Each structure stands twice: as structure tokens, then as C-alpha cells.
Amino acid sequence: MLSVLFFEVHSLSVYAEEVEETSKEYVISICTANCGGAGTDANVTIQINGKKGSTDYLLLDKADYDDFEQNTYDVYTVKALDVGEIIAICIKLEDYGKYGEWSPEFIVVNGTAFDLSNTWIYGERKVFSPKYKGDDTSAYLYLCDNSHYTISDGTEANEGRLMIKSGDASFSVAQNCSIVFTRSQNHIDHNTQANATIHVEAKKAPLDIRFISAEIYSTDGSALSLSSNSTVNLDLYSTNRCACASDKEAGVNVPYGAKLTIIGDGTLKAEGDKYAAGIGGNDEQAYGAIIINGGTIVARGGKYGAGIGSGDKSGKTNGDIIINDGKVSAYGGDYGAGIGGGSNSTCGAIRINGGTIYAEAPDEGAGIGSGDEASDKLGLIMITGGTITALSKDEGAGIGSGSESGDVTQIVITGGKITSSSYSYGAGIGGGRGSNGGTILISGDTTYIESNGNANGAGIGGGDCGDFDLISITGGKQIVTKGASGIGGGDKASYGNGKIEISGGTIYASGAGGAGIGTGAEATALSLIKITGGTISATGGHSGAGIGGGEKTGGGTIDISGDTTNIKAQGGLYGAGIGGGSNASVTSITISGGKIYACGGSEGAGIGSGDESNDEVGKILITGGYVEAYGGEEGAGIGSGSEATHPSLIEITGGTVYAKGGCDATWFLGDIFQTGAGIGGGYKTTGGKLKISGTAVVYAVGNYNTAGIGGGMEAGGVELEMTGGLVKTNGGTDAAGLASTTMKISGGSLYAIGNNRDGITYDTSNYYAVTVTGGCIYSANGGTETPLKNVWNVAKDSLKLFRIRIDNVPSDTIISISKILDKIDEEIEYQTYGLRTLVNKDNSAYIYVYLQSNVKPYTLEDADGVRYDVHDSFSIEQTTASVFSVSGNWLIIIAALFVAIIAVYTVILIKTKKKIAAMNANKQ
């Protein structure tokens, strides 16, 4: 292979003859091949032939120097006739028979190259035509094995620069070759290196450069630099170094418009000086395209420079950095990124498709992304494969923006194994301190992510005081993230229209002071958290919700749906499982599908608000799915946390719901004598409003001194409106199953079991507190032992469900079922759990009670004119399956519908009988 290199230098001049005024200076570079017998001691002469004529044969010889030895490089400067454009050279040896033949590798005359590979020259004249042509003023230098080049004192400023200008040639720095410039005449000192640079101008066609154990060190410019619009392929063999000790210069300079592609199996160590990158831009210079397809790359930026990317203040227009393979370690200088922008600098697109990458920023820059205080937006970061470790040690994101920098445009991850961390104030993936995390899109079955923010920055999302636009996760084999919020925002951020959308993937998200998924602490709520799929475990940090708000931050709008959604949400201390952080509520929560397990932290609701919330409460709407909600100590299962200012607004129209209040902030614990309703209020918080309808199946369990459905301890009950569904509720110790302030029941089935209290309690001072126009109601005092297990099987095989209609009941009367049955027949055996009448506005009531199957229908009227009709209206075959059994649910629903039909039929029958009786009376 012909290898050529332009070099400007005053070489030792050898004059073969006196020349006339039409003479021209010729710089002749000759490389003798590296093979046995290639060298010669014969006299070598050269004739230069051109369009204007030919020179005489010129003797090439240096005094006191052994010319043309094997594997050597020699440069001769001669003056001879100006022949114009060079078209050929003739080589002739004198006394070759005595001193041996000669095998040159190549000869270059004033930029015109002649390839003599595998050529042997004897005494006869040989003619060679040029292979490459260059600038007539150019001279070329080839560095062979073990060769060195020395620039002595007194050289001009641009001497000592190796410059490649060929459009299609290649250049090799061979094994054990060093470019050394010293300050002593004729002295080569490997330890005192200065002013060595290679500058490449390859605009016509890509230039191939091969490094084989090359060491290029400079104190005056970049060790290797490309001109704008040059394209270079750098092939690495063994271990090589390009180092720069010149302020504002990169180790390997790739300016904007140039393109550098690195290949091979060798190593390149590139070191920039202050304000410049290891590989990329100089100070205040945009960088070009940098592509790494192989090799081991260790790039270190100077202070304010990136390891790979830009120097200080590069501007907003930069090329792409693409890594397809290889092993890359990139270390930014202070305030610069490992890969990307230097200080005050953003970067172009960064694409990682493979390889093993380690990127580190020591101070305020991103591991991969922009440097600190970059005013312009960060370009696209896309990762499709590879093993990536990205680290920012102070205020920058692991992957994303530096501290106080412009917005992240977009981060797209579709594959790879990624570990990304910020030690302080920045997000693991997203924004640095005070920076917007932009749009983050994560997908792919081969995506593994471990992303760590810190106490102030999110695992994935915004940095401290930094927001984001959109986080969308549609897949991922495993995503483990933790930070101020695990996925979402940093602390003290104003999110505007920030959204989190999750539809797939396996996610483990943990917050520090914020939510597992949601906001950081003391921030504004997100506009939307939407989950339609995926397997998610979300744990809030101190005072943060599992999903929703951080400390003192509302949960915003939370929408959960999808058959493939599987969620476990654990609130931190004082935060809800799903909803608000401490001292905060939620705008709205809608659950229409999926399997959801939500547990509040101490004093937080399982689903709802955190403790001591002063916010207005949005609606909690459940229309489908399977939901288990456990309030923390003093919190409701579904509703409010402890001591909330505003009660909850809850509506359940479908799905299967289990809610238990007053649990410890861990999963599935039994009674520990804490306070909080299953559905309704936490400690000292009223139950708010509850609507139940449709096909909802609800099981609510209170804890110490709190009802299954109602307010928390020392608080008022719930405003219940029920038009359908199946509700079974148990009170905690010394509490009713249902504690209400008002009740409107027109459909569905309600089973309320008290614990040493009546099953249902309500405001007896309010005449309009209870309105019952339909449905099936069962109320019982379960005694001192709360029948948690038996509540589902109250009716035994030997019992039938009887309906008792009571008319003419005084509005201020509360009648015990035991008294009613005593009036009917003192011999009847019956289930007596303290059932009380629920009086309608028309002074009538329907009561459902289980009696022995041999009881006969009764109709009687007592002395006070109260009429009792006891009818064996139907029987229900109770299931022994669990509460959420599909077959059990359908049986109950069918039974409830049957009850409604019978009730309607009975009303019609009674009215018909009354009309007939009236007609008969008129006839009489």
C-alpha cells in the first residue's frame, strides 16, 4: 500500500549540480522497503521528466550519512531544471554490482507519488509513472518502523506540522514509531515532546489512516486534526495515543463538516487540553461527525471540554456521535459531558447501537448529553443496543442534560443494558439540575435499565427544580429506577403539561422524597399519569405516594386501565399508595381495569390523599378491574388520609374492590388496632360522599373504632347513595359495618356487620337521613369477634331469606328486628344481629332477614297500627367460594335482581289487592 504524508520542513539540501535561473527546487521523499536486502550502498540517481523537459540524473546523497538502508525514510532537497508537470521519473544505480540492488517502497517528488512496491532496481535505467498527484509545493513523509523525525531549534512556526492533503491516499504510523520534536540539534528525546501534529485535508475522497503503536503528542495544536469537509477512516492497531497540551485544542480535532470513523481492534487514547474535547471540538468550535465502529477508545476532555464531543461554548450546531461497536470510555473535564457537550455547550444527535460504553462527567455535565449551562436544546439521544454506563458526579443527568441547561429534545431507548446515575440534583435519565427532561420514550424487549437519580433528581425524568414534557414507557424487560421520584419529576418543579404514560414493561420505581411514579417533593402536580399496561411496582419515598404526588404535592389526574395492567403501589411515610403525598390530595383517580394493590404509608390512604391534606378532593372513580387498597396507620383504604380537611368523593360502578383502613404501611397485614375506614375517612376525617352502582362488588373493612364504610375515628360517617352492586362491610373493633350520615338506597345488596355494634348506624336525628326504595339490606351485630370470614356466608343452608314490609311506622321510631319477630311469633328461631328498620319517608320499610325454613308467612297489625307482612319471598343458595369468586358474584347479582323483581311484583300485587278491596267496598 502506498502511504503518503505531507510535511513542510527545511531539510538538509543536496545539490547535484549548478543550475540556471530556470531551475526549480524539488523535495524528494524516499522510503526503502522493509525486507531482506532492500537497502543498497550504491549511488542512487534520479531523473525527473516533465512536459517541459527532463533534468539530468541527480545524485541523491548526504554527507556522512548512510543512505537507503532497509526500512528507512530519507528526504532530499535539490535544485534542477524546471520540467513543468511531472510525468515520470527514471531511477538508475551506479556500481550496484559491487554494492547491491535496491528495493524502494515509494518515491514522492513535489507531491507526485510513485508506487514502487515489490520493485527491485539494478544498474539499468527504470522508468516509473506517477500513481498519485498532489500540490506541486507539497512534500510527503512516511514514518516507518522504529523511525523518528526531529525538528531542531530555529525552525519556523508551521514547521513541525505533518499535513496530509491527498484525496485518495492512505497514511500509516507504523509500529514503535513516535513523532518527537526536541529543542536540541540532532537529538531525539522521547521524554521531551512538543509541537507534533498531524493535520488532514481529505476533501476529494475518504482517507484511510492506520495507527500502529503510534504516539503523537503536541503542545501547539491538536495531535491529529481534520480540516472541514474531510472524511477520514482511522484504523487502529495496538496501543496509540493522541495527546494535546495546548490550551483550546482537542486531542483529536474533528471540526463541524468533517467526518471521522474509527475502526480496528487497537486502542486510541485521546487527550484534549483546557476548553477542548478529547475527540471532537476545540474551544468555541462546533464538532463534526464522529463514528466509532470498533477498537478501544479512551477519551479525556480538558477542563470545560467533553470526553467525546465539543469543547467550551461550541454553539448549537454540531455533528452526530454514533457508536456501533467497540469499547469506549469517555471522561469529560470539569463542566463537560463524558459524551456530548462541553461547558456551555449542547451537542448533536448521539446514537448508540452497540459496544460497551462508559461515560463520566465529573462536575455538572451529563454523563451522556450536554455540558453545564448549555443555552440551546439538547439534540436526540437514541440507544438501541450495547452496554452503557453513564454517570454524572454533580448536578448533571446520567443521560440527558447538564446542570441549568436547555431542554432535552428527545431521549429514545429501544434496547441495550443501561446503568445511568446522577450523584446530586440531576436525573438518572432526563434533566440536570434546573433542566427540563423533555420527551423520554422507552420500549423494547431487550431493554434493561437501572437509572438512579438522587434525593433531588428523578430516576427517569426531571432534575432538581426541573420538569419534563412526556415520559412514555411501552416496553422494557426490566426497568429499575429510583430518585426524588422514581419516574417523573425532581423536587420543587413546576410541571406544566407534564405527562407520564405507561403501557408495557416491567418496572420497579422508588422515590426518595417524592412518588415512586409521579412528582418530586414540594412540586406542582402532573397533568396526567396514565397507565394502560405493564407490571409495575411503585414505592414512594418519605412522604411521597407510590403513584401520584410527592411530599406536599397533589397526585394530579391518575388514569389506570387495561387488562394487562398489574400494579403494586406503596406509599411512603404519610403518602397514599395511589394519590397524594403528605399534606396533599388528588385531582382525580380513575380505575377501569387491571389488578391494583395499593397500600398507604403511615396516615396515608391506600387510594386517595396523604395525611393532613388541605386540598380540595377530586373524584375517585372505579369502574372495573380488581382493586385491593390498604390504608396506612390512621388512613382509609379508599378515601382520605389522617386529619384531612376535605372528605373524599368516591364512586364505584364496577370491578371488584377490597378496601381496609388503618393498616401498617406494609402488605396484607391483619388487624393492628389502628384507625381508618375501609372506604371513607381517615382518622378525624368524615367519610365524604360514596356512590355505589352497576355491577360493583365491594368489600370494606374498618379498623380500630372505625367502620368498614364511614368516617375515621372521631369523625362523622359517609353520605351513601346506592343504586346497585354488592357491598359487604365489616366494622373494626367496637365499630359499625356502615356508619352513615345519610343513606339513599334504591338497589343492590348491602351486608353490614358491626363489631360489638349495630351493622348500620346513621343520624337518627335527621328524618331524611335514610331513604330506602329498593335493594336488599342485611345489618347485624357480629359480637365482639368480627366475623371477617363468616360475613360472606351469613345465610346457612337451613335458612331462607324473608322479606318483611313494615307500614305506618312513626318517623322517629327505631324498631329492633328482635322486637318485630317477637310480635310475630315468640317460638320462631331467627338470626338476630341487632337488625334495625330503615324508615322511608312514607313511614314504611322493607327488611330482609334470614329465618328458619319452616317459618310460614305472616301478616299482622299491632295495637299501635303498625302492620307487618312477613313473606317467604325467595331463598338464596349462598356460595362458599371466596368473596371475589366469579360464580359467587354472579349468584349474588342474580339474587339481587331476583329480589328487585319480587319487590316490584309484590308492590304491584299489594296495590292491585287494595284497588280490588276498594272496588268491593264501593259496590257494597
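**Figure 1. Around L621, a residue with partners from elsewhere in the chain.** Leaving aside residues up to four places away in sequence, L621 touches I589, T590, I591, E651 and T653, where a contact means heavy atoms within 4.5 Å. L621 itself belongs to strand β56, which spans residues 619–622. Helices (H or I, at least four residues) and strands (E, at least two) are DSSP runs, numbered from the N terminus. D559 is 62 residues from L621 along the chain, yet their C-alpha atoms are separated by 9.6 Å. This is a predicted model, in which local features need pLDDT of at least 70 and side-chain atom pairs count only at pLDDT 80 or more, while totals for chains, interfaces and linings use all residues. Residues are numbered from 1 along each chain as its sequence is written, and side-chain values use heavy atoms, with hydrogens and water left out.

**Figure 2. The whole chain, for orientation.** The protein chain contains three helices and 73 strands. Of its 924 residues, 59% are buried; buried means under 20% relative accessible area, exposed over 50%, and partly exposed in between (1.4 Å probe, protein chains only). Among contacts with a separation of 6 or more, 78% join residues 24 or more positions apart. How confident is the predictor, on a mean pLDDT, in the protein chain? The mean pLDDT is 76, and 72% of residues reach 70 or more; pLDDT is the predictor's confidence in each residue, from 0 to 100. Please read residues 1–20 with care: the pLDDT there is below 50, although the model gives this stretch 79 contacts beyond near neighbours in sequence. Residues 823–840 also have pLDDT below 50, with 65 such contacts in the model.

Figure 3. Strand β20 (residues 239–244) pairs with strand β23 (residues 267–271) in the parallel sense over five bridges. Two strands pair if DSSP finds at least two bridges between them. Look for A243, which stands opposite E271 of β23. On to the next pairing: β23 and strand β26 (residues 296–300) also run in the parallel sense, over five bridges, and here L268 stands opposite I297.

**Figure 4. F68 and W102, a tilted ring pair.** There are eight aromatic pairs, counting rings of Phe, Tyr and Trp (its six-membered ring) with centres within 6.5 Å; planes under 30 degrees apart are stacked, over 60 edge-to-face, and the rest tilted. F68 and W102 form a tilted pair, 5.1 Å centre to centre with 55 degrees between the planes. F68 is in the loop between β5 (58–60) and β6 (73–81) and W102 in the loop between α1 (96–99) and β8 (104–109), so the pair ties together parts 34 residues apart in sequence. Both F68 and W102 are buried.

**Figure 5. Y304 and Y335, a stacked ring pair.** The rings of Y304 and Y335 are stacked, 5.7 Å centre to centre and 10 degrees between the planes. Y304 lies in the loop between β26 and β27 (308–309) and Y335 in the loop between β29 (327–331) and β30 (339–340), so this pair links parts 31 residues apart in sequence. Y335 is partly exposed, with a relative accessible area of 24%.

**Figure 6. Charges over rings.** K62 lies over the face of Y76, 4.9 Å from the ring centre. The rule is that NZ of Lys or CZ of Arg is within 6 Å of the ring centre and within 35 degrees of the ring normal. Y76 is also linked with F68 and W102 into a cluster by ring pairs.
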